[in-house]
Amino acid sequence: MDKKRLIKNSEPEDIKGFEEFIEGQHNDSSFLPKGVGGGSKKNEAGFEHFTFLTDDAERLTRLKRMLSEKLPFSAKFDQSDKLIKDQRDEIELLKKKLFEVCDKEGSGYRKSIGGIFDGYFESVKKA
Amino acid sequence: MVLVFHYLIMRVDFHQGFTNNKAMSLPVYLHINLKTASLEEMGNLLHSDMNLKHPVVFNLKTLDLDGQRETIGLIENFFVSQNLSYKYPYPVYILSDHEESITKLPLVHELQKLPKFFGQRESKMNVRETHLSSKNKLLQQEVKNNDALANTDNIDNYGDSHRVIFELEQERKFYRGILNKLMKAQKDG
């Protein structure tokens with residue numbers, strides 16, 4: 001791969017015609033485009049703006065896609081109601097199963113409730 | 001005669017190109033400092049393309065609280081009545097002392113609270129940037145041409161239904177968690 005090198009003390013005559021390939025020139029930068037390799041503030045700002053404009057283009061593209069493709073599509077083929085219905089059905093099923101498990105003879109729930117009630121009514125009986 | 005005609009066409013093209021380049025600028029905040037809350041001033045300021053090329057900040061800090069509230073109402077009404085969006089292509093912000101809840105427009109109390117993305121330093125654009133900016137112009141127009149009211153309704157509906165889905169999912173997870181624990185306890189004896 002070719003690498004751009006800094007040429008030191010070259011005669012201007014020797015490098016005639018190759019100026020655009022040379023990134024830096026010792027003691028003489030007058031023939032080079034301004035800011036090349038020097039990182040001047042102007043160029044940095046330009047690069048910053050270019051990035052900003054690219055990001056903005058990306059933002060606008062996504063916005064356009066959302067407004068003209070995704071939103072009409074989701075409005076036309078809305079699945080929310082079906083999802084909500086399925087979730088409600090599953091919640092009902094889970095509640096039913098929970099009740100069955102808790103209502104079984106010797107279940108933890110029954111034991112706990114039995115303990116509380118027995119403790120309370122035993123003390124009432126004794127009193 | 002033909003040469004003169006060509007020359008005139010070239011002059012017009014050059015002039016148009018020049019004015020277009022001149023009008024092209026970075027999409028950075030356009031600050032509008034309102035001195036009065038008059039209807040006339042607002043009528044002159046508000047137009048359909050105001051947020052087409054850059055975000056806009058209405059600085060209402062110089063007005064009293066009542067004036068600020070009235071102006072916010074006027075700006076909001078303008079966008080709703082014209083079926084325009086204050087969110088895209090570029091957002092419209094209000095700089096005010098009021099609470100955010102008084103309007104649907106994005107409201108901030110300090111300039112520092114504005115999104116930093118559009119807070120770029122404005123300077124002359126180079127050729128590459130101008131080219132990119134002219135490409136963006138088409139996108140801006142496409143985004144603006146969408147039906148703002150229909151889109152807002154769609155987004156609101158989508159948001160509402162997905163909020164319900166999220167809550168139901170939380171409930172489902174809760175019951176599923178309890179059931180799993182009970183089943184495991186039963187299994188372990």
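## The main core

In this predicted model, the largest nonpolar core has 16 residues. A nonpolar core is a set of buried Ala, Val, Leu, Ile, Met, Phe, Trp, Tyr and Cys residues joined through C-beta atoms within 7 Å. Buried means that 20 or more other C-beta atoms, placed from the backbone, lie within 10 Å of a residue's own. Those with the most contacts inside the core are Val57(B), Phe58(B), Leu60(B), Tyr93(B), Ile94(B) and Leu95(B). In chain B, β2 (56-59), α3 (65-81) and β3 (92-95) each give two or more residues. β3(B) gives the most, with four residues. Helices (H or I, at least four residues) and strands (E, at least two) are DSSP runs, numbered from the N terminus.

A second, separate core has six residues, including Leu67(A) and Tyr90(B).

## The sheet

Four strands of chain B form an open sheet, ordered β1-β2-β3-β4, with parallel pairing. Strands pair if DSSP finds at least two bridges between them. β1 (30-33) and β4 (107-108) of chain B each have a single partner strand, so one side of each lacks a neighbour in the sheet. Four bridges join β2(B) to β3(B). Val57(B) stands opposite Tyr93(B) in β3(B).

## Where the chains meet

The contact (C-beta atoms, placed from the backbone, within 7 Å) takes 31 residues from chain A and 38 residues from chain B. On the chain A side, α1(A) gives the most, with 18 residues.

## Numbering and confidence

Residues count from 1 along each chain as its sequence is written, and chains are lettered from A in the order written. Local features need pLDDT of at least 70 and side-chain atom pairs 80 or more, while totals for chains, interfaces and linings use all residues.

Methods
A residue is buried if 20 or more other C-beta atoms lie within 10 Å of its own, exposed if 12 or fewer, and partly exposed in between; C-beta atoms are placed from the backbone. Two residues are in contact if their C-beta atoms, placed from the backbone, lie within 7 Å.
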